[in-house]
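Here is a short tour of one protein model for a reader meeting it for the first time. Keep the sequence and the 3D view open while reading.

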Amino acid sequence: MLGPVETVDEIDSTNRVLLERARAGEPHGRVLVADHQTAGRGRLGRAWEAPPGASLLASVLLRPDLEVADASLVTMAAGLAAVDACSGVAGVRPTLKWPNDLVIDRPDGTRKLAGLLAESLVEGGRLAALVVGIGLNVNWPHPLPAALDGIATALNHETGHDIDRRTVLEAWLGAFAHRYDRLDRGVIDDYRSACSTLGRRVRVERHDDVLEGMATDIDEAGRLLVEMAGTVHTVTIGDVVHLRPI
Ligand code: BT5
């Protein structure tokens, strides 16, 4: 079980606040949900945008008994749970784009439906806490804001009708708790099956280089393997673009 769930109208970032509370000793399971974030965080210092009331913006504080290097298993479980929630509640089945995006593939490109952000609190070399946040576009205006046009989508854009955000939250938390309680390396196989990055030509933008090649596998630590000119590169952090087949 995950909870209790606290809902606020406005906050800077649900991830930031839960990380601060984790440092102060708040226990496993706390969930923080906001109607609006004024400084929503993406990965690598980027921003996460959502107009008030349009998205599921939620973070969960976890205290897993895991090595720091295995924290990605929890994020994979959270992403798979979000796929389960979208298909169970809205009948929309996104795929996972490595590492933590839920996407819908259209003939004219990939649209991002949700993103997950995991931030860990490491104390004395141990994983003291992990905060997993999700931003899932649920009921967005038509058309999307210009900055997200052509790159994002929302559940209501996919189904043609509004979806109850609370129901999506409950489905996500239920599926996440179910997977979390049974967490083992099997989650990597489930992730591989749901991951549309595998078997694709990709461009991977990393801090100091760009790879272009075939995404062949996810390893036991959740890293992406990309084959380029006969060499397999292991990607720990980077941004993936799905390319069209040549
Ligand atoms: C992510 O980052 O995808 C992780 C997003 C996590 C957001 C949640 S909301 C609740 C919790 N509290 C927080 O403060 N954060 C978490 P990244 O892969 O870096 O993607 C960011 C990029 O996605 C931006 O640079 C935009 O291009 C794009 N983007 C921003 N808002 C978007 C939206 N609503 N839908 C789709 N794409 C978006």
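## Aromatic pairs

The structure holds two aromatic pairs. Rings of Phe, Tyr and Trp (its six-membered ring) pair if their centres lie within 6.5 Å; planes under 30 degrees apart count as stacked, over 60 as edge-to-face and the rest as tilted. The centres of the Phe 176 and Tyr 180 rings are 6.4 Å apart and their planes stand at 85°, so this pair is edge-to-face. Ring pairs join Trp 172, Phe 176 and Tyr 180 into a cluster.

The model is predicted: local features need pLDDT of at least 70, side-chain atom pairs count only at pLDDT 80 or more, and totals for chains, interfaces and linings use all residues. Residues are numbered from 1 along each chain as its sequence is written, and side-chain values use heavy atoms, with hydrogens and water left out.

Phe 176 and Tyr 180 are four residues apart in helix α4 (residues 165-181), so about one helical turn separates them. Helices (H or I, at least four residues) and strands (E, at least two) are DSSP runs, numbered from the N terminus. Phe 176 is buried, and Tyr 180 is buried too. Buried means under 20% relative accessible area, exposed over 50%, and partly exposed in between (1.4 Å probe, protein chains only).

## The nonpolar cores

A nonpolar core is a set of buried Ala, Val, Leu, Ile, Met, Phe, Trp, Tyr and Cys residues joined through side-chain atoms within 4.5 Å. The largest one has 59 residues. Leu 102, Leu 136, Leu 155, Trp 172 and Phe 176 have the most contacts inside it. Helix α2 (residues 71-90) gives this core its largest share, 13 residues. Apart from it lies another core of 13 residues, including Val 8, Ile 11, Leu 19 and Ala 128.

What does Leu 155 touch, not counting residues up to four places away in sequence? Its contacts (heavy atoms within 4.5 Å) include Cys 86, Leu 113, Leu 136, Ile 163 and Val 168.

## A buried strand

Eight of the eight residues of strand β3 (residues 55-62) are buried, so the rest of the structure largely encloses this strand. Both faces are covered. On one side, Ser 55, Leu 57, Ser 59 and Leu 61 are buried; on the other, Leu 56, Ala 58, Val 60 and Leu 62 are buried.

Two strands pair if DSSP finds at least two bridges between them. Strand β2 (residues 31-37) runs antiparallel to β3, joined by four bridges. Val 31 stands opposite Val 60 in β3. Strand β7 (residues 126-137) also pairs with β3 in the antiparallel sense, over eight bridges. There, Leu 57 stands opposite Gly 135 in β7.

## An open sheet

Five strands form an open sheet in the order β11-β10-β9-β8-β12, with antiparallel pairing. At the edges stand β11 (231-235) and β12 (239-242), each with a single partner strand, so one side of each has no neighbour in the sheet. From one strand to the next, the twist averages 45°. For such angles, axes are lines fitted to C-alpha atoms, for helices over the stretch in contact, and angles run from 0 to 180 degrees between N-to-C directions.

Strands β8 (residues 201-205) and β9 (residues 210-218) pair antiparallel over five bridges. Val 204 has Leu 211 in β9 as its bridge partner.

## Cysteines

How many disulfides does the structure hold? It holds zero. A disulfide is a pair of cysteine sulfur atoms within 2.5 Å. For Cys 86, the nearest cysteine sulfur is that of Cys 195, 16 Å away. Cys 86 is buried, with a relative accessible area of 0%. Cys 195 is buried as well, at 5%.

## Backbone exceptions

Most residues other than glycine have a negative phi, and most peptide bonds are trans. The table lists backbone exceptions in this model.

| Site | Backbone value |
|---|---|
| Trp 98 to Pro 99 | cis, omega near 0° |
| His 142 to Pro 143 | cis, omega about -10° |
| Leu 44 | positive phi, about 50° |
| Ala 229 | positive phi, near 50° |

Pro 99 sits in the loop between β4 (95-97) and β5 (101-106). Pro 143 lies in the loop between β7 and α3 (155-159). Leu 44 is in the loop between β2 and β3. Leu 44 is exposed, with a relative accessible area of 56%. Ala 229 lies in the loop between β10 (224-228) and β11. At 82% relative accessibility, Ala 229 is also exposed.
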